[in-house]
Amino acid sequence: MSLVQYAAFISIALLAAFCQNLTGFAFGLILVGLTGALQIISIADAANIACILSIANNLVYLSKSPRISIGPLLKPMLISSMIGLVVGFISLSWFTDNGITTLRLILGICIFASAIALFMINTNARKNSSKSSTLTAGFLTGILGGMFATPGPPLVYHLYSQPLDKDLVRHYLFIIFGVTSAARLVIALLTGELTMNAIILSAIAFPAITIATILQLKYPVNLSRRVAQLLVTALLLATGLGLMYSSLKVILN
């Protein structure tokens, strides 16, 4: 990697951490999406880096934020997400070996669909969901987490549709993202999918995102939840469209 690529990678990691701290999600989507769109590193390495940095960022955030009691909604989502995680990781390995361009296209579609789903969240019509929908959201979260280390979309849509306080939602998101990222990292270690390049890049970006997270907690950006969602939605739309365009260009040629 050149110095420009290193600088671009750190900038993307900082942007991902900023959006994650602002909304409670989008770290993996932005890190994996933008590095994939710019082809700085492979999707597999980007996913592993997203796991490592997400764990680090989550630990810093949770250690500095007020303690919030954990409710019954969390357990079924964690269980079903672990099942989906294994399915997603196996799918990533298959696509990496058999169709990297198709994998990039799938990532672009997932990010684009995530942005649309985020935009459509109606926080004024929130209601408690059934257990089956909670389990389904957890399973889909695990699949995306296993494939791309981007577990956010189904989980975010589900939790923000519940009659829950926004701080509690953010806390739930950080916990589930941390657990799924840790589980995915263990699988990557056991299967030999965690490369030295991913470890080095994580070590390079870690100090920057840690300092940024601490500063953001000390000097929070006062944006309404809707404005924050719209900003992240615009970024995700651009990232998803970029990935889809570049992938389809290769496939059609």
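Let's start with glutamine 39. It is exposed, at 55% relative accessible area. Exposed means over 50%, buried under 20%, partly exposed in between, using a 1.4 Å probe and protein chains only. Glutamine 39 sits in the loop between α2 (27-38) and α3 (43-64). Its phi is near 55°, a positive value in a residue other than glycine.

A word on the source. This is a predicted model, where local features need pLDDT of at least 70, side-chain atom pairs count only at pLDDT 80 or more, and totals for chains, interfaces and linings use all residues. Residues are numbered from 1 along each chain as its sequence is written, and side-chain values use heavy atoms, with hydrogens and water left out. Helices are DSSP runs of H or I, at least four residues, numbered from the N terminus.

Next, the surface. Which residues form a nonpolar patch there? Leu15, Phe18, Val221, Leu223, Val227 and Leu231, with about 430 Å² of accessible area together. Patch residues have over 30% relative accessible area and no salt bridge, and nonpolar side chains are joined within 5 Å. A salt bridge puts a Lys or Arg side-chain nitrogen within 4 Å of an Asp or Glu carboxyl oxygen. Areas are Shrake-Rupley, 1.4 Å probe. Helices α1 (3-23) and α10 (225-252) each supply at least two patch residues. Phenylalanine 18 lies in α1. It counts as partly exposed, at 31%.

Now cysteines. How many disulfides are there? Zero, in a search of the whole structure. Cysteine 19 is in none; its nearest cysteine sulfur, that of cysteine 51, is 18 Å away. A disulfide needs two cysteine sulfur atoms within 2.5 Å. Cysteine 19 is also buried, at 6% relative accessibility.

Methods:
Patches are made of residues with over 30% relative accessible area and no salt bridge: like charges are joined within 9 Å, nonpolar side chains (Val, Leu, Ile, Met, Phe, Trp, Tyr) within 5 Å.
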